[in-house]
Amino acid sequence: MPVNMIVCCKQVIDPEAPPASFKINSATNQVISPPGVPPVISPFDEQAVEAALRVKDKLGGKITILSLGNNMLRDVIKKPLSMGADELILLEDEAFEGGDSWSTAYALSMAVKKIGQFDIIFCGRQAADWDNGQVGSGIAEILGIPSVTVAKKVEVTDSKATVERIITDGYQIIEVTLPALITVSNELGEARYATLKGIMAAAKKQPTIWKPADIGVEPSKIGTAGRRAKLVKLFQPVKEGKCEVVGADSPAEAGVKLAQRLREAKVI
Ligand SMILES: Cc1cc2nc3c(=O)[nH]c(=O)nc-3n(C[C@H](O)[C@H](O)[C@H](O)COP(=O)(O)OP(=O)(O)OC[C@H]3O[C@@H](n4cnc5c(N)ncnc54)[C@H](O)[C@@H]3O)c2cc1C
């Protein structure tokens, strides 16, 4: 049975960017994109693409990539196409900016409704920037379909998926009736590399762009206007290190002085 899949992929600041390049505008509670560091697809989302490709390799079907944002870099967001996905739909508009997990899940669900037929929606277990881990379950809730989170293996037979789901000391095996939403964890294994043929094919494909009006969203429910969570304060924690040198004329004296100092500081 060919399987019709949608994979939600988010473009994020590269989590491997040097920590020193990470800056915050505390006045606006926003992260400043590090200059000269190109964004990437959130790594868990690449693994979600890989999960979909493994299903397609076995059973055939179609993979549609869905991404919400603004000014997305084409070379970056087209990567799933070069890995083997079939279609790319971008919800791209400045009205989508400043959203939270709920408004993101709402807009993505409305786009899924417009796509229509699907068997599985794959998401990453969490986005590598904000790490909320909420959007996948939110989409399932809004669409009224079952969801299974943190999957490490997905097998599809007939109209069911058998999912190995990570728990603290092992994994559970869950059977879910399709259509369903599955979030994918890193334990799935490495996402495949894009092939040269795939890169060339992806370069020729144009994404479909949907504006808010195309998916019938209420303007008050997307982006900043649609936020249900209030971000009170965004800040970088200050880490302070203090070094005290214990001076002495001999190692024995240094040991005594060190012990005294540690006792004063109530460490011993
Ligand atoms: C354009 C833009 C502007 C933003 N501006 C602000 C801001 O000003 N202030 C602020 O606090 N936050 C902002 N955010 C972040 C936003 O609040 C979070 O993206 C949202 O709360 C979801 O949380 P998360 O990213 O941790 O997703 P998670 O819940 O961790 O994501 C889980 C999975 O859901 C899917 N998913 C999540 N987001 C998307 C997406 N955009 N497209 C496709 N799939 C997705 C992916 O599969 C992902 O792996 C902005 C986000 C975007 C896209």
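Predicted model: local features only at pLDDT ≥ 70, side-chain atom pairs only at ≥ 80, totals over all residues.
I then looked up the extent of the C-alpha trace, and along its principal axes the chain spans about 80 × 40 × 40 Å.

Next, the fold elements. I count seven helices and 13 strands in the chain.

On to the core. In soluble globular proteins, nonpolar side chains tend to be buried together. Here the largest nonpolar core has 65 residues. Which residues have the most contacts inside it? They are Val7, Ala107, Phe122 and Ile182. The element that gives the most to this core is α4, with seven residues. Leaving out residues up to four places away in sequence, Ile182 touches Ile120, Phe122, Val148, Ala151, Val154, Ala161 and Val163.

Then the ligand. I found 33 residues around the ligand, and the closest are Cys123, Gly124, Trp130, Asn132 and Val135. Which elements each supply at least two residues of the shell? My list reads α1 (43–59), β6 (61–69), α4 (101–115), β8 (120–124) and α5 (135–143).

Where is the cis peptide bond? It joins Leu178 and Pro179, with omega about 5°. Pro179 sits in the loop between β11 (170–177) and β12 (180–184).

I noted positive phi values too. Asn71 is not a glycine, yet its phi is positive, at about 50°. Asn71 belongs to the loop between β6 and α2 (74–77). Is Asn71 buried or exposed? Exposed, because it has 9 C-beta neighbours inside 10 Å, and 12 or fewer counts as exposed.

Lys266 is not a glycine either, and its phi is positive at about 60°. I found Lys266 in the segment after α7 (251–264). Lys266 is exposed, because 6 other C-beta atoms lie within 10 Å.

Definitions and conventions
Residues numbered from 1 in each chain as written. Near = placed C-beta within 6 Å. Helix = DSSP H or I, 4+ residues; strand = E, 2+ residues; numbered from the N terminus. Core = buried A, V, L, I, M, F, W, Y, C linked by C-beta atoms within 7 Å. Buried ≥ 20, exposed ≤ 12 C-beta atoms within 10 Å, placed from the backbone. Contact = placed C-beta atoms within 7 Å.
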